[in-house]
Amino acid sequence: MGKNVLLVDDSSTMRKIIGRSLRQAGIEFDNIFEAADGLEALEILDKEKVDIVLSDINMPNMDGISFLKEKATRESVKNIPVLMISTETGDDIIGEAKALGALGAIKKPFTPDKVNEVLGPLL
Amino acid sequence: MDISEKIIESTNEIFSSMVMMELAVNGEIRDCMEPLTNSITGVIGLAGTHKGVLAIHFPITVALAITSSFLGMDVDEMNEDVEDAVGELANMLGGSVKSILSAKGRDIELSLPSVISGENYDFQPTREVDRVVIPFKCDAGEFSVELELEK
């Protein structure tokens, strides 16, 4: 059975580019789900089988840090791994994301090779 | 390295890795902007220990070509994809500027990106600021990136 990924970013452009980068990196998913913020992401996690989440931090409605906090309270989804993909790469913010369960971070801008280097070992 | 050089480095990195276009600085760095014609501007606000705005200004024709390259599909008229792409370019540049000004990332907050477009508009600070306007050129044409920081 294949794997499914959830892309969380308020920019539809960035969601398309992350999807393209996954394909260029040779990382195939059966389904790529998309959400524009943390609230939409939680709704999708409740409904769909998701194997890994790639999430922005700076988003409207519910940002990436709040998404991690809320996800951690939900028994059925709390163990789904999350990797941050963000312009926010300061030690404090990434440290907080990791403390809330994020596996790591990819800095925007990124290349398909960078996506493969960070995401590949997690799959 | 001063902040102008870091912005040039970051802009080059964003365009070469994600827009798939090579850039060159196109003339002298300035501290003023002429009114813009048939253009689109992506803006990110900075708040905290440094207050100001980061903006990227494209003629519409250049924005269409850059969005096409960014998305890997033909875009020949202004639409939400162009606005979103310009906003995201501003967002990535804002993130770079934030990392230059705040290594740990907690003492500066970035706004969400906004986009302005029109036939004729002027983009000017209303407070006393340190301002750098960096002109670039690429295969698609010319554009500029500016940073305004409150004194």
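**Close-up 1. Asn61(A) lies in the loop between strand 3 (52–55) and helix 3 (64–72) of chain A.** Helices (H or I, at least four residues) and strands (E, at least two) are DSSP runs numbered from the N terminus. This is a predicted model, in which local features need pLDDT of at least 70, side-chain atom pairs count only at pLDDT 80 or more, and totals for chains, interfaces and linings use all residues. Residues are numbered from 1 along each chain as its sequence is written, chains are lettered from A, and side-chain values use heavy atoms, with hydrogens and water left out. Asn61(A) is not a glycine, yet its phi is positive, about 65 degrees. Most residues other than glycine have a negative phi. With 66% relative accessibility, Asn61(A) counts as exposed; exposed means over 50% relative accessible area, buried under 20%, and partly exposed in between (1.4 Å probe, protein chains only).

**Close-up 2. Asn38(B) lies in strand 2 (residues 36–48) of chain B.** Its phi is also positive, near 45 degrees. Asn38(B) is partly exposed, at a relative accessible area of 43%.

**Close-up 3. A cis peptide bond joins Lys108(A) and Pro109(A).** Omega is about 0 degrees here, whereas most peptide bonds are trans. Pro109(A) is in the loop between strand 5 (104–107) and helix 5 of chain A.

**Close-up 4. Helix 1 (residues 12–24) and helix 5 (residues 112–119) of chain A cross at roughly 75 degrees.** Their axes come within 8 Å; axes are lines fitted to C-alpha atoms, for helices over the stretch in contact, and angles run from 0 to 180 degrees between N-to-C directions. The two helices are therefore roughly perpendicular, a term for angles of 65 to 115 degrees. Ser21(A), Leu22(A) and Gln24(A) of helix 1 meet Pro112(A), Val115(A) and Leu119(A) of helix 5, where contact means heavy atoms within 4.5 Å.

**Close-up 5. Leu22(A), Phe15(B) and Phe58(B) touch the most other members of the largest nonpolar core.** A nonpolar core is a set of buried Ala, Val, Leu, Ile, Met, Phe, Trp, Tyr and Cys residues joined through side-chain atoms within 4.5 Å. This core holds 57 residues, and helix 3 (residues 80–101) of chain B gives the most to it, with eight. A second, separate core has 24 residues, including Ile44(A) and Ile80(A).

**Close-up 6. Thr11(B) is in helix 1 (residues 3–19) of chain B.** Thr11(B) is buried, with a relative accessible area of 0%. Among the residues that Thr11(B) touches are Leu23(B), Leu93(B) and Phe136(B).

Technical notes. Parallel < 35°, antiparallel > 145°, perpendicular 65-115°, else oblique. Lists of a residue's contacts leave out its neighbours within four places in sequence.
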